[in-house]
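Hi everyone, thanks for coming. Let me put the sequence and the structure up, and then I'll walk you through them.

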Amino acid sequence: TEAVNKIGDKFETGEFFLPHLMRAGKAMGQCMKVLSAHLDAEGTAKKKGTVVIAAVSGDIHDIGKNLVAMMMEGAGFEVINLGVNNDSDAFLDAVREHDADILGMSALLTTTMPYMGVVIKAAKEAGLREKLIVMVGGAPLNAAFAEEIEADAYCRDAAVSVDTAKKLIALKLGQTGV
C-alpha cells in the first residue's frame, strides 16, 4: 500500500499523469494476484474489504472507474467491477452476492448523475444502506451533490478514492490509526 500512496501522491502533485496512474494500477493489480496466492497460503493476507463498483444506468464511461478499481485492488481491496450502464438491481444484487462493504458509483454525464440517488434509495428500501459505505465519483460531481444524495463520500480521483475507502473502512470496523 505504500507504493499505491506514493503513486497517488505523485499524481496529486502533477508529477505523474493519468497514463502513469493507469499503468501503475495495472502493474499493482498483477503483482497482487501473484503475491496474494503466497500470502494466502501463509495465512497472512487479509483483504481490507469488498468493493462493488460500476458506472450508473445510462453512463458508458469507464476509464476513471476502471482506474479506481485497479488502485483499490492494488491497495488490498477485493473489487467487483460491474462495468458500465448498471441499474439499481445490478448494484444491489452484486452487493448481496459479494457481501460488499463499499458501493462505488461513477457518472461522467450530468444526465446520469441523478441515478446515483436512485441506487441509494433502492439500497435503503432493500435494507442494505446501513451496512454500506457509498462512495461516488466522476467529473461533474462534487461534495455537495454527494451530500444531497446521501452518499458517504465524494472522491475526485483514484488516489483520493483509495485513501477515503481505507479511512471509512477503518471507521466502520472501529479501528484507529489507518
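**The sheet and what surrounds it**

Helices (H or I, at least four residues) and strands (E, at least two) are DSSP runs, numbered from the N terminus.

A quick word on where this comes from. This is a predicted model, in which local features need pLDDT of at least 70 and side-chain atom pairs count only at pLDDT 80 or more, while totals for chains, interfaces and linings use all residues. Residues are numbered from 1 along each chain as its sequence is written, and side-chain values use heavy atoms, with hydrogens and water left out.

Now the overall plan. The protein has 7 helices and 5 strands, and from the N terminus the elements run α-α-β-α-β-α-β-α-β-α-β-α. Of its 178 residues, 43% count as buried. For us, buried means under 20% relative accessible area, exposed means over 50%, and partly exposed is in between (1.4 Å probe, protein chains only). Contacts are heavy atoms within 4.5 Å. Among contacts with a separation of 6 or more, 71% are between residues 24 or more positions apart.

Let's zoom in on β1. How many of the residues of β1 are buried? The count is 6 of 6. T50, V52 and A54 lie on one side, V51, I53 and A55 on the other, and both faces are covered. As a reminder, side chains in a regular strand alternate between the two faces of the sheet. β1 is joined to β2 by 4 bridges, running parallel, and to β3 by 5 bridges, also parallel.

On the β4 side, β3 pairs in the parallel sense over 5 bridges. There, L103 stands opposite V134 and G104 stands opposite M135.

How do the strands connect? β1, α3 and β2 make a right-handed β-α-β unit, and so do β3, helix α5 (residues 115-125) and β4. Right-handed here means that, with the strands pointing away from the viewer, the path from the first strand over the helix to the second runs clockwise.

Next, the largest pocket, which has a volume of about 500 Å³. It is lined by 29 residues, and the closest to its centre are G64, K65, V68, G137 and G138. The elements giving two or more residues to the lining are β1 (50-55), α3 (63-74), β3 (102-106), β4 (133-137) and α7 (158-172). Which element gives the most to this lining? That would be α3, with 6 residues. By type, the lining divides into 18 nonpolar, 7 polar and 4 charged residues. Ala, Val, Leu, Ile, Met, Phe, Trp, Tyr, Cys and Pro count as nonpolar, Asp, Glu, Lys and Arg as charged, and the others, Gly among them, as polar.

For the record, a pocket is found on a 1 Å grid over the protein atoms alone, as an open set of points where a 1.4 Å probe fits, with protein on both sides within 12 Å along at least five of seven lines; lining residues have an atom within 4 Å of a point. Points are joined across faces, edges and corners, and the volume is the space filled by probe spheres set on them.

S88 lies in helix α4 (residues 88-98) and counts as buried because its relative accessibility is 12%. Leaving out residues up to four places away in sequence, S88 touches Y115, V119 and A122. P19, in helix α2 (residues 18-42), is exposed, with a relative accessible area of 58%. P19 and L67 are 48 residues apart in sequence and 9.9 Å apart in space, C-alpha to C-alpha.

Technical notes: Pairing = 2+ DSSP bridges.
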